[in-house]
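Reader: Could you take me through one part of this model up close, with the cut-offs spelled out as you go? I'd like a single connected answer.

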Amino acid sequence: MGFPAAFAIVNIVGQSLMALFDMPVAVIFWYIVLCQPLAIVLFRRLAPHGTQVDGKSYKQSSIRASLRDWRSWLLRVLPFCLV
């Protein structure tokens, strides 16, 4: 399914634009195609690497712990929401 915001942009916003303005499906397709290079660059630059500076691997966090610590990750996720 991919990132939920991207899914919503393509399906909700894109389908609404197609219905309201008779926009062709090809416009949504090309929007996705043209956003992919930007998304790849953002992911390569902003996504964490497999290990930390001290050489230890990252551990998977629980959803509850992540939601409690939203201030540390929300701003870092926003660029991915845009593309």
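Author: Valine 27 lies in helix H2, helices here being DSSP runs of H or I with at least four residues, numbered from the N terminus. Valine 27 is partly exposed, at 39% relative accessible area; buried would be under 20% and exposed over 50%, with partly exposed in between (1.4 Å probe, protein chains only). Keep in mind that this is a predicted model, where local features need pLDDT of at least 70, side-chain atom pairs count only at pLDDT 80 or more, and totals for chains, interfaces and linings use all residues. Residues are numbered from 1 along each chain as its sequence is written, and side-chain values use heavy atoms, leaving out hydrogens and water.

Now for the partner helix. Glycine 14 sits 13 residues from valine 27 in sequence, and their C-alpha atoms are 8.9 Å apart. H1 and H2 (residues 25-46) pack at about 145°, with axes 10 Å apart; axes are lines fitted to C-alpha atoms, for helices over the stretch in contact, and angles run from 0 to 180 degrees between N-to-C directions. On the H1 side, Ile9, Val10, Gly14 and Met18 meet Val25, Ile28, Tyr31 and Ile32 of H2, contact meaning heavy atoms within 4.5 Å.

Isoleucine 12 also belongs to H1, which covers residues 4-21, but isoleucine 12 is exposed, with a relative accessible area of 55%.

Zooming out, the protein has four helices and zero strands, in the order α-α-α-α. Buried residues account for 12% of its 83 residues.

Notes. Helices (H or I, at least four residues) and strands (E, at least two) are DSSP runs, numbered from the N terminus.
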